[in-house]
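Hi,

Here is the structure I promised to pass on. Have a look, and my notes follow below.

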Amino acid sequence: MNIRFLETALWLAKLKSIKATAEKLCLTQAAVSSRISNLEQDLGVCLFVRGGDGFEPTSAGVTFLEHAQRIVDAHQSLRASMLDPSKLVGSLRIGMTSTLIPTILPELVDTLRRDYPSISISLKTELTEKLLKELEIGRVDLVLGADSEAVHERFEIVPLCAFSMTFVASPRLKLEFTDAALPEELARHPIIGYPPGTRSQLRIDHYFENCGVRPQIIHVSNAVPTNLQLATSGIGIAVVPEAIVQREIASGELLPIKLKRPFVSVNYQAVFLRDQGQGLARAVAALARDVASDYCESVDKRIAWQ
């Protein structure tokens with residue numbers, strides 16, 4: 001049970017419609033139904049019944065909603081005191097990996113523009129490893145990127161979410177696998193990878209090494225967007241977060257490859273220096289986590305989760 005689940009129940013009681021509640025909260029109808037179901041399972045009671053005018057709270061639901069409203073009000077009061085827009089003023093340099101641009105960034109920017117207009121941000125996209133080095137020497141204030149082994153004792157970390165990874169290829173390659181592909185079958189084709197020594201490339205290396213095969217790797221320095229362009233052009237097979245390739249899959253530009261051996265998921269996090277008085281970075285990291293939670297609720301749980 002969390003605040004967003006309580007807010008969902010309150011909006012359902014007000015709007016009396018799963019569809020209207022989903023539109024209000026920018027969720028899928030399935031996500032709204034799932035939140036209500038989870039609340040009912042946690043509490044062991046039925047909270048809503050469908051009536052002629054839509055969803056109505058049960059007697060237990062009425063009691064629940066009274067308490068839920070108090071909790072939500074208290075939470076909003078707490079956040080207002082901790083994230084007071086009048087106190088959050090200044091410029092923030094954010095380093096971000098390309099995976100988070102189409103997934104987390106849009107709502108984060110909307111939230112900052114709407115609720116914290118006195119914060120101005122500048123964005124830089126790069127691989128996580130390079131961004132963390134820039135954080136350490138003071139060239140960026142906050143990094144939103146993949147988990148990394150480059151953990152410094154001065155770094156403070158706020159977990160954001162996890163993304164599943166998938167192999168994709170252009171129909172031009174005319175790949176034919178009788179069933180789910182084995183690593184040795186994938187290794188017969190060029191694999192579009194990442195710069196040598198990076199965490200992203202090490203994941204690919206370990207995936208194939210554990211099966212005793214060594215594919216031809218095409219190393220790329222410009223991260224995911226370039227990898228997708230190469231894959232769409234039929235150059236090879238790319239390994240990318242499933243969340244950012246949905247449009248290409250839906251259009252048929254790229255085909256997902258079913259795997260016999262799943263590829264590891266990737267965790268994403270916000271990182272800032274704990275000893276530099278970074279109250280602004282800390283606040284935006286907390287907002288990024290909230291935005292990531294909303295994003296995970298809006299997509300299939302096998303694609304992204306917290």
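Which residues of the largest nonpolar core touch the most other members? They are Leu142, Leu144, Phe167, Leu186 and Phe208, in a core of 64 residues. By nonpolar core I mean a set of buried Ala, Val, Leu, Ile, Met, Phe, Trp, Tyr and Cys residues joined through side-chain atoms within 4.5 Å; buried is under 20% relative accessible area and exposed over 50%, with a 1.4 Å probe and protein chains only. Helix 11 (residues 279-298) gives this core its largest share, eleven residues.

Before going on: this is a predicted model, where local features need pLDDT of at least 70, side-chain atom pairs count only at pLDDT 80 or more, and totals for chains, interfaces and linings use all residues. Residues are numbered from 1 along each chain as its sequence is written, and side-chain values use heavy atoms, with hydrogens and water left out.

Leu105, Leu108, Thr111 and Leu112 are its buried residues. The buried residues pack against strand 3 (90-96), strand 4 (119-125), strand 5 (142-146) and helix 11, contact meaning heavy atoms within 4.5 Å.

Best wishes

Definitions and conventions:
Helices (H or I, at least four residues) and strands (E, at least two) are DSSP runs, numbered from the N terminus.
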